[in-house]
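Good morning, everyone, and thank you for making time for this. I would like to walk through one structure with you slowly, going from the whole chains down to single residues.

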Amino acid sequence: MNVLAEVFNAQLWSDVLRMTTPILLLALGAMITDRAGVLNIALEGLLVFGAFAGVLGTGLTGSLVVGVASAMLASGALALVFAWFALYLRGNIFIVGLATNAFAAAATTYAAWLISGREGSLRYAQAPTLAKLEVPLLKDVPFLAFLSGHTIIDYAAWALVIIVAFVVFRSRFGLRLRAVGERPVAARAIGLPVRRIQYAAVVISGLLAGLAGAQLSLTLGGFVQNMSGGRGWIGLVASIVGNGTALGSAVASVLFGAAEGVANSLQITAPNLPAQLLFALPYLITLVALVAYSASRSRKKGVLEA
Amino acid sequence: MGAYLECRNLEKTYQGTLRALQGVDLDVEKGRVHAVIGENGAGKSTLAKVIGGVVAPNAGEMRFKGEPYSPGSPRDAHAAGIAMVHQHFALFPSLTVAENIVLGDEPTRLGGVDSARAVEQVRALSHEYGMPLDPRRRVRDLSVGEQQRVEILKALYRNVDLLILDEPTAVLTPVEVQKLFKGVLRLVSENRTVIFIAHKLEEVLEIADDITVLRAGKVVGRRTGADATKAELVRLMVGEDIAVDRQRRFGSPGPERLVVRDLTVHDAQGRPALDGVSFTVCAGEIVGIAGVEGNGQLDLELALGGLVEPSGGSVLLGDEDVSTATPARRRALGLRYVPADRMQWGCAPKASVFENAIMQCHRHSSTAGVLRRKRLRNDVKSMLKRFDVRAPGLGAPVDTLSGGNIQKLILARELTTSPGDALEVILISSPSRGIDIRGVEFIHDLLVQYRDAGCAVLLISTDLDEVLALSDRIGVLFRGSLVAMLPGQGRTGKAELGMCMLQGKGEAGAAA
């Protein structure tokens, strides 16, 4: 069997798109906070929180709309707490962020056990899952058919690339956001509400992370302990490699999504490759991308002007 | 009926020790340029910050346009019609000129910033005040003078009536100063008012209608621009007569100490910032490198200091090629480096005076890796005394010192030698930027003293007077090339050198 032919098929690309979605949403959020001068270390925790709240909301009401909304609200609320500790109480951003991540992982695991009695997972048997929507016409076009058959959140993520790009680079809020992130002291001097803009950026990234969490858990139809699987970190890296632009973040996200998709696909098509290696592939690619990126940057800027 | 801006009995004490303002009265009349002059540390900047709403006074009151005026923030000052342009600009390098200017009061259209209108407004404004700027350029690509124009236009966009310029000429070239002055006169002709904080007397005499002189936090004199003389102002500022122009002796050059051959440095964009520069500096001479700022001075300084790697050519200290040597190696061979950017490369601003002072000599004064603090403290104390560094204490962070004292501290650290140290070449860049007259005199005398003792001194400076006063030979940098090496010590005139800097031509005749 020809492995290459099998790897580059429509199903694979469809998977890649699906794998890209959460990373893309997280990367967009990370880019917004980064532009406001806040490094969003808490993305991983925000993602887990959203994934859990999505399942809970859907399970309790039977409504996907409520589920997605509760995922976004839960992550947004946790983001607000993170922002409060980091910006208002002036906690060290790394410590506060790592604490947020640890809290989210532990709290969701515990809550899942409390509710379901099972360890580390939460599933409602009769709860709906996100439907795959076929796009008429597009689904019959050769080579482009893989673009069809995704959930509403997958499509929304790509619409958000454009919306985020507009907001950050064309809107008044975006201009102020970038000013605040570049030189907060100067921004304060001309009377911009620096803290409030930073709060807004963190909460927006929380809402996006919630959406990413909902995509993870509501397509699967349940919450599994630590189902974020490091995507929060990969999203953060994608925004950095994407050079702080929406389009760049999207390209980087596709790269990481592809790594995950290919790893998954190789498990089936090349069963003799060690599974551990395949699972490590997305993280390896992340690491390589980060190293390559920082190397190219330090070269360009010169050691002293970084 | 009082003045346009009245300040009465302003008091400001920093950290309970330094009395920066002691009962200062200031009356500024509408539609005039009012210069506030004084040495560094005289309280000029503090006064400016109080008026600009950056710093709140401990006591005293102000009235502006007849109304009580006590701004709690720069924002309040703007609302009242007063804006301040700081020495260090509060601009956003990655944003465009137009974005920087409208930020905070942006015109909008359909939920987005109306950038076309912003560009139009800024273009009209810059045209109106004779400060040409392309609104679409990014601020990071602008020269310092252009950035200053952005700051001034930012204030004018907010329609302020009174503009405070804090040492605006410190960062400008002579040509840019003239452009700035044209803009200032335009402002005044439109019945706006300018407070001009300065310490270069020629400039003050050229532009100011009224002059208030501060010394040690007090007003020591008021003059009008018409009836003030330079000698009188110096006496008021300093409190004693000092020789304004001092005659200096020639150096007598010895063997070559620093040899630079075809030195080439590329900038971040891959363009040559320094293009095949060659010269030598001998023992016992001062070679000045003049040029309009941004013509490769920084790259030359960093390449010689060992902070950037040249892409071509060589640098020799004595007989050793140090083109790619570490700063430590260069130092061991006798190079001492006093950088132009004191806060970035010259010192650790948050570290104490003591720590900064011992940064070079701690290796000699430790036992098994533990510093001999007592001995070091004594060394540092005598060092500070010798170099006239005035610091509140050895433990004070360096950034609480005035610019002049920081510079003297760096000089003290660089020029103090431990037994066995070599001191052959002094590389010093813009040594007197932002420093008062007495500090400048001190530093200049020091350089001459070291030259006479046989040091090779390379003086990179955009201050023409400084280069002309000190140099035995004068090199001119223009667009990264050394376009001329002129004789110093009075054999080259200021006009000739100025033409050379602007046009990049070696011969005075060709410059016409």
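Predicted model: local features only at pLDDT ≥ 70, side-chain atom pairs only at ≥ 80, totals over all residues.

Let us take chain A, which has 12 helices and 2 strands. If you follow the chain from the N terminus, the elements come in the order α-α-α-α-α-β-α-α-α-α-β-α-α-α. The radius of gyration of chain A is 20 Å, close to the 19 Å that the globule rule gives for 306 residues, and so chain A is as compact as a globular protein of that length. Its C-alpha atoms fill a box of roughly 65 × 50 × 40 Å along the principal axes, and buried residues account for 48% of the 306 residues. When we look at contacts in chain A between residues at least 6 apart in sequence, we find that 74% of them join residues at least 24 apart.

Chain B has a secondary structure of 18 helices and 24 strands. Here the radius of gyration is 24 Å, close to the 24 Å that the globule rule gives for 512 residues, so chain B is as compact as a globular protein of that length. The box filled by the C-alpha atoms of chain B is roughly 70 × 50 × 50 Å along the principal axes, and buried residues make up 53% of its 512 residues. For chain B, of the contacts between residues at least 6 apart in sequence, 67% join residues at least 24 apart.

Now to the place where the chains meet. The size of an interface is often given as the accessible area lost when the parts come together. How much area do chain A and chain B bury between them? The value is about 1,900 Å², with 61% of it on carbon and sulfur atoms. In terms of residues, 18 from chain A are in contact with 26 from chain B.

Across this interface there are 7 residue pairs in polar contact, counting pairs in which both residues are at pLDDT 80 or more. On the side of chain A that touches chain B, the elements giving two or more residues are α6 (152–170), α7 (172–182) and α8 (184–189). Of these, α7(A) gives the most, with 6 residues. The residues on this side of chain A divide into 9 nonpolar, 2 polar and 7 charged.

Side chains of opposite charge can pair when their charged atoms come close. Across the interface of chain A and chain B, there are 3 salt bridges. One salt bridge joins B:Glu99 to A:Arg178, with 3.8 Å between the closest N and O atoms. There is also a network of salt bridges that links A:Arg172, A:Arg176 and B:Glu106.

In one of them, the side chains of B:Asp210 and B:Arg32 meet at 2.7 Å, N to O. B:Asp210 lies in strand β11 and B:Arg32 in the loop between β2 and β3, so this pair ties together parts of chain B that are 178 residues apart in sequence. B:Asp210 is buried, at 13% relative accessible area, whereas B:Arg32 is partly exposed, at 30%.

Another salt bridge is formed by B:Arg473 and B:Glu285, whose closest N and O atoms are 2.7 Å apart. This pair also links distant parts of the chain, with B:Arg473 in strand β23 and B:Glu285 in strand β15, 188 residues apart. Is B:Glu285 buried or exposed? B:Glu285 has a relative accessible area of 2%, and because buried means under 20%, it counts as buried. B:Arg473, by contrast, is partly exposed at 24%.

Finally, some backbone angles. Most residues other than glycine have a negative phi, and most peptide bonds are trans. B:Lys65, however, has a positive phi near 55°, and this residue lies in the loop between β4 and β5 of chain B. B:Asp388 likewise has a positive phi, about 55°, and is found in the loop between α13 and α14. B:Lys65 is partly exposed at 40% relative accessibility, and B:Asp388 is partly exposed at 24%.

Thank you, and I am happy to go back to any part of this.

Note on methods: Residues numbered from 1 in each chain as written. Chains lettered and ligands numbered in written order. Heavy atoms only, no water. Contact = heavy atoms within 4.5 Å. Buried area = accessible area lost by both parts, 1.4 Å probe. Salt bridge = Lys/Arg side-chain N within 4 Å of Asp/Glu carboxyl O. Polar contact = N/O pair within 3.5 Å; in protein donor to acceptor, adjacent residues only side chain to side chain. Helix = DSSP H or I, 4+ residues; strand = E, 2+ residues; numbered from the N terminus. Nonpolar A, V, L, I, M, F, W, Y, C, P; charged D, E, K, R; others polar. Rg over C-alpha atoms; globule rule 2.2 N^0.38 Å. Buried < 20%, exposed > 50% of the residue type's maximum accessible area, 1.4 Å probe, protein only.
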